[in-house]
Amino acid sequence: MDRRNFVQRSALVSTGLIGCAAPGLAQQQPATPFTVPQTLIPIVGSSEMYPVRRIYCIGRNYAAHAREMGSDPSREPPFFFQKPTDAIQHVPANTVANHAYPPLTKNYHYEAELVAALDKGGRNIPVARALELVYGYTLGLDMTRRDLQRAMGDEKKPWEIGKSFDQSAPIGAIHKLAQTGHFTQGAIWLKVNGQTRQSANLNQMIWSVAEQISKLSEAFELFPGDIIYSGTPENVGPVVRGDVIEMHIDGLPNLSVKIV
Ligand code: MN
C-alpha cells in the first residue's frame, strides 16, 4: 500500500466508514472447554440475526427526565453507561413476554427508549456522518433497580448493580434502516396495565442519535454490533409483579412484557 492509499484508508477508518470485526474475534475459533452463547437479536424480514457486541446507554437525554433525576439539563454533556451484552431479552412483536422481577430491589423502574443498532464503527465520528453507522432501529426498556442505582450514586460508587443486571434490556427485533428511516421525531409512550405513564416525542431528546454516536465515538472506538439505548423521557416509575408494560414508538411495533 503506498502512502497515499494508506492515508486514504486511515481517513476512512478514522471517520468510521470502514466496517470491521471487533478485535479478538478470530475467524478460526480455538477449542474451548465450554461455549458461551453469542447474543443475537432477530432482524425483521430477514433470516439473519443481528449479533450484539456492546450495549451503550445514554443518561438523562430528555430535559424533563434530567430534572426529575435531580440534574440541570442545560449544562450537562451527554454521559454513557453500559449493560452487559447478555442483558438482552428479545421480546417478539405481538406477544407479552414474561420478565422476571429481579433480586435485591424494592423499586424496579421502566425506562422506554429508542435503540439504534450499528453495522459500522470508528473513532471521532463527525455528527454529519454519524448516521452512516446505523444499520437499523428498535425500541427497548432500560430496566433499572432505582433504589440500588440511587444508593450507589449517593455513595459515589458505580451504577452497575442498578443498571447492568441480568435481563435488564428487553428489546424488540431490529428493523433495517430501509424499513423505518431515521427517527428524529414521533411519539414515544409507555403504559402500565393500560394506563399511560410516559408520553413524549423523540424530538425532545437533548442529544440526537447522530450526536450520541459522535460523542460516544470520542470515548470508545465503536464497532459493528454496538447498540445504543438513546435515553428515556420523563415520568419513569415503578412496576411490581403482575404488571404489564406496553411501550410504543411511532413506526415500530409495540413491545410488551409482564413482570413475574
Ligand atoms: Mn435509560
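Glu221 has a relative accessible area of 23% and is therefore partly exposed, where buried means under 20% relative accessible area, exposed over 50%, and partly exposed in between (1.4 Å probe, protein chains only). The structure is a predicted model, in which local features need pLDDT of at least 70 and side-chain atom pairs count only at pLDDT 80 or more, whereas totals for chains, interfaces and linings use all residues. Residues are numbered from 1 along each chain as its sequence is written, and side-chain values use heavy atoms, with hydrogens and water left out.

Glu221 is the partner of Arg123 in a salt bridge whose closest N and O atoms are 2.9 Å apart; a salt bridge is defined here as a side-chain nitrogen of Lys or Arg within 4 Å of a carboxyl oxygen of Asp or Glu. Because Arg123 lies in the loop between β8 and α3 (127-130), and Glu221 in the loop between α7 (209-219) and β15 (226-229), the pair ties together parts that are 98 residues apart in sequence. Helices (H or I, at least four residues) and strands (E, at least two) are DSSP runs, numbered from the N terminus. Arg123, with a relative accessibility of 47%, also counts as partly exposed.

By this rule, 9 salt bridges are counted. One of them joins the side chains of Glu132 and Arg129, at 3.1 Å from N to O; Glu132 is partly exposed at 33% relative accessibility, and Arg129 is likewise partly exposed at 34%. Salt bridges that share partners join Lys83, Glu111, Asp142, Arg146 and Lys163 into one network.

Within this set of residues, Glu111 forms a salt bridge with Arg146, with the closest N and O atoms 2.8 Å apart. This pair links distant parts of the chain, since Glu111 is in the loop between β7 (108-110) and β8 (112-118) while Arg146 is in helix α4 (residues 146-154), 35 residues apart. Both Glu111 and Arg146 are buried.

Since Glu111 lies in the loop between β7 and β8, and Asp142 in the loop between β9 (134-141) and β10 (144-145), the pair ties together parts that are 31 residues apart in sequence. Both Glu111 and Asp142 are buried.
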